[in-house]
Amino acid sequence: MFQEFDLAALPTPYYAVDLRLLKENLKVLAALQAQTGCKILLAQKAFSMFSLYPLLSEYLAGATASGYFEARLAHEHFSGENHVFSPAFTPEEFSLCAPICDHVVFNSKAQLERFLPVAREHRCSVGLRLNPECSTQDHAIYDPCAPGSRLGMTAEELASCDLAGVSGLHFHTLCEQGAEALETTLAAVEKKFAPYLDRMEWVNFGGGHHITREGYDLTLLRSLITDFAGRHHVHVYLEPGEAVVLNTGYLVASVLELKKNGGVTTAILDASAACHMPDVLEMPYRPEIIGAALPDEKKHTYRLAGATCLAGDVIGDYSFDHPLEPGEKLIFCDMAHYSMVKNNTFNGMPLPAIALIDEQGALKPVRTFGYDDFKTRLS
C-alpha cells in the first residue's frame, strides 16, 4: 500500500524505495526458504542498490551475478553465498570471479573445459546452464528457450559433456511468471535431463518467479520445490530479482511543459522512458501512476513523454481528474527493478537521485548525481 511521503524533499527526478514494502517482500521469501529448505539469491541484474545489501542479507541466502562487477559488489557488500553465470567468460574475468564466488555456472561445453581447472583450484561449486527448450512466455526478447537461443545447453549438447567436476545444473526460463509456468518447465527439465539430475548436488531454478506478486500460488511453488528436491536428493536454489523489490519503488518526476499537436496534449517530463525506465520501451509495458487512469477514464487525458530528442521517448497515455500544470509531480510505480540498473545519460539527461522512504514515511537521500557522472562515463 502506498505510503505518503514528502515529494518535494528532493529535486526530481528521483527513485525512492520504500523500506516498509521491501521488508514485506523479504518476509515472504524468507518464509519460503524456511518452509521448503530452498535457498533464495538476489539476482543483482534486476536490483543492485548495495546500500540495502546488509538488510537483504538478513533474509536471503546470497546473491547471484552476471559477471565480475556484480560478483565483486556482492562479495564486498552481501553476506552469504556468491554465485556467477555468464554466457561467455573471458580468461581475465574468470580469473577475478573464481576467487570470490562459491558457485560458477558455465553456458557451454567449451567454457566448462576451458575454465574447470581454475574453478577447481578455487574450490568453486561448478554448474552448467540448461536449455529445456520449453517456452512458457510471450516476451521474445526475454525468452531463453526461443529457437536459436545462445543461453543454456540442450539435452543433445549436454550428452557430449564430461560431467566430472560438475555438481549442479541451472535453468532460467521464466519472466514475471507464476508457479504454473515453473511446473511446466520442471516437467520439461525432468523429461529431457533425467539421466543427470540424480547425479547432482544442487539444481538452480533461476529467476523470473513473481513470488511476491498478489495472487501468486505459493502453495504450488512450495510443493514443486519440496517434491523436486525429494525426488532427486538435491538442494534447490531460486534467484529472483524482480520479486525481491516488486512494487516497492517509485520514480518521481515533474511536468516541465505541455505541448499540443494534432488533438494530443503531451506533458513533457524531466523523466525519460529511454533514459530512466528503459523497459517501458523494451518490454514494452505501461507503468502505473498514483492517481492516474487509462486514457479518457478521467476528465483530462495526456501523453507523457521524456525531454530527450528521441521521438519515441513516450511513456504512455494517461488521464487525470485535474489539468496538469508545469511543476506538478507524478509518481510512477514499481520502479525499483530494471530501472536503476538500466538507466543511462543519453542526450545528456541527468541520472535520477536515489532515496529511501523509511518506515515513518521520511524520504532519506542515498545518492545524487551530477555533471561529472555524465562526463566521466564518456572519456
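Which residues make a nonpolar surface patch of about 230 Å²? Hold that thought for a second, everyone. The model we are looking at today is a predicted one, so please keep that in mind as we go around it.

Leu-281, Leu-310 and Phe-346 make it together. Let's take one of them, Leu-281, and find it on the chain: Leu-281 sits in helix α11, which covers residues 279–282. Is Leu-281 exposed or partly exposed? Its relative accessibility is 36%, so Leu-281 counts as partly exposed.

For contrast, look over at helix α7, residues 179–197, where you will find Lys-191. Lys-191 has a relative accessibility of 73%, and therefore counts as exposed.

Now let's talk about empty space. Rolling a probe the size of a water molecule over the atoms shows where empty space is left. What volume does the largest pocket have? About 1,200 Å³. A total of 48 residues line this largest pocket, and those closest to its centre are Lys-45, Tyr-142, His-172, Cys-175 and Tyr-338.

Next comes the second largest pocket, with a volume of about 560 Å³. Its lining has 17 residues, and nearest the centre lie Ser-48, Phe-50, Ile-354, Arg-367 and Phe-369. By class, the lining of this second largest pocket splits into twelve nonpolar, three polar and two charged residues.

How many cavities of 30 Å³ or more does the structure hold? One. The volume of this largest cavity is about 40 Å³. Its lining is made by Thr-64, His-83, Val-84, Phe-85, Val-105, His-170, Asn-204 and Glu-239. Strand β4, residues 81–85, gives the largest share of that lining, with three residues. Sorted by class, the cavity lining has three nonpolar, four polar and one charged residues.

Last topic: the backbone. Most residues other than glycine have a negative phi, and most peptide bonds are trans. With that in mind, here are some places to look at.

Start with Thr-12 and Pro-13, where the peptide bond is cis and omega is near -5 degrees. Pro-13 belongs to the segment before strand β1 (14–18). Another cis peptide bond joins Met-283 to Pro-284, with omega about -20 degrees. Pro-284 is in the loop between helix α11 and strand β12 (300–305), and α11 is the helix where we found Leu-281.

Then there is phi. Glu-133 is not a glycine, yet its phi is positive, near 55 degrees. You will find Glu-133 in the loop between strand β6 (125–129) and helix α6 (155–158). With a relative accessible area of 45%, Glu-133 is partly exposed.

Tyr-338 is placed in the loop between strands β14 (329–333) and β15 (353–357).

Technical notes. Residues are numbered from 1 along each chain as its sequence is written. This is a predicted model: local features need pLDDT of at least 70, side-chain atom pairs count only at pLDDT 80 or more; totals for chains, interfaces and linings use all residues. Side-chain values use heavy atoms; hydrogens and water are left out. Patches are made of residues with over 30% relative accessible area and no salt bridge: like charges are joined within 9 Å, nonpolar side chains (Val, Leu, Ile, Met, Phe, Trp, Tyr) within 5 Å. Accessible areas come from the Shrake-Rupley method with a 1.4 Å probe; for residues, only the protein chains shown count as cover. A salt bridge is a side-chain nitrogen of Lys or Arg within 4 Å of a carboxyl oxygen of Asp or Glu. Helices (H or I, at least four residues) and strands (E, at least two) are DSSP runs, numbered from the N terminus. Buried means under 20% relative accessible area, exposed over 50%, partly exposed in between (1.4 Å probe, protein chains only). On a 1 Å grid over the protein atoms alone, a cavity is a set of points where a 1.4 Å probe fits but cannot get out, and a pocket is an open set with protein on both sides within 12 Å along at least five of seven lines; lining residues have an atom within 4 Å of a point. Grid points are joined across faces, edges and corners, and a volume is the space filled by probe spheres set on the points. Ala, Val, Leu, Ile, Met, Phe, Trp, Tyr, Cys and Pro count as nonpolar, Asp, Glu, Lys and Arg as charged, and the others, Gly among them, as polar.
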